Amino acid sequence: AHTVSKVENLEMTQDLQMLGNVLSFLSSIGLLTIVYSYNYAYAFLHSLYSSRWSNPLTTALLHRYCYCLLMFALNGVTEGYVRAKASPKELRIIQMFAFINSVVTIMLIWLSLIHI
C-alpha cells in the first residue's frame, strides 16, 4: 500500500485549493453572465442582427446558452485537473467510461430520433 507523505499531502491540498479558487472564479463570472444575460440579450441581438433576430425566443435561447457555457467551463477545468492528476491506470478507466458513455448517448439519441 502506498502511504501519502506530508509533502504529497501538502501538494494535494495546495492543488485542491487552486482548483477551488479557479472554480469559484469561473462560477462568479458565469453567474454574473447568467444574471445579466437575459436583460442584455435583446439589446445585443437587436444591435447586431436587427429586429429579425431579437425576438423573445432567441433572447431566451441566448440566455439558456449562458447556462451551458458555465457548465462547459466547469466541466473543462475539472476534467483537465483529473487528467493531469490521474495515473495511467486511472486514465484508462476514465477513457473506458467515457467511451461507454458516448456509445450509450449516441444510442439514446438514435432511439429518440426513430420515435419522432
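User: Which residues lie nearest the centre of the largest pocket?

Analyst: Glu8, Met12, Asp15, Tyr81 and Lys85 lie nearest its centre, among eleven lining residues. This is a predicted model: local features need pLDDT of at least 70, side-chain atom pairs count only at pLDDT 80 or more, and totals for chains, interfaces and linings use all residues. Residues are numbered from 1 along each chain as its sequence is written, and side-chain values use heavy atoms, with hydrogens and water left out.

User: What makes a space a pocket?

Analyst: The search uses a 1 Å grid over the protein atoms alone. A pocket is an open set of points with protein on both sides within 12 Å along at least five of seven lines, whereas in a cavity a 1.4 Å probe fits but cannot get out. Lining residues have an atom within 4 Å of a point. The largest pocket holds about 260 Å³. That volume is the space filled by probe spheres set on the points, which are joined across faces, edges and corners.

User: Which helices supply at least two residues of that lining?

Analyst: Helix H1 (6-49) and H2 each do. H1 gives the most, with four residues. Helices here are DSSP runs (H or I, at least four residues; strands are E, at least two), numbered from the N terminus.

User: How do the lining residues of the largest pocket divide?

Analyst: Five are nonpolar, one is polar and five are charged. Asp, Glu, Lys and Arg count as charged; Ala, Val, Leu, Ile, Met, Phe, Trp, Tyr, Cys and Pro as nonpolar; the others, Gly among them, as polar.

User: Why is Thr59 called buried?

Analyst: Buried means under 20% relative accessible area (exposed is over 50%, partly exposed in between; 1.4 Å probe, protein chains only). Thr59 has 5%, so Thr59 is buried. Thr59 lies in helix H2 (residues 56-85). Beyond four places in sequence, Thr59 is in contact (heavy atoms within 4.5 Å) with Tyr38, Ala41, Tyr42 and Leu45.

User: Why is His63 called buried?

Analyst: His63 has a relative accessible area of 10%, so the buried label applies. His63 is also in helix H2. Not counting residues up to four places away, His63 touches Ile34, Ser37 and Tyr38.

User: What makes the link between the side chains of His63 and Ser37 a polar contact?

Analyst: A polar contact is a pair of N or O atoms within 3.5 Å; within protein, one must be able to donate a hydrogen and the other to accept it, and residues adjacent in sequence count only if both atoms are side-chain atoms. The His63–Ser37 contact is 2.6 Å. The side chain of Thr59 reaches the backbone oxygen of Asn55 at 3.0 Å.

User: How many helices and strands are in the chain?

Analyst: Three helices and zero strands. The pattern along the sequence is α-α-α.
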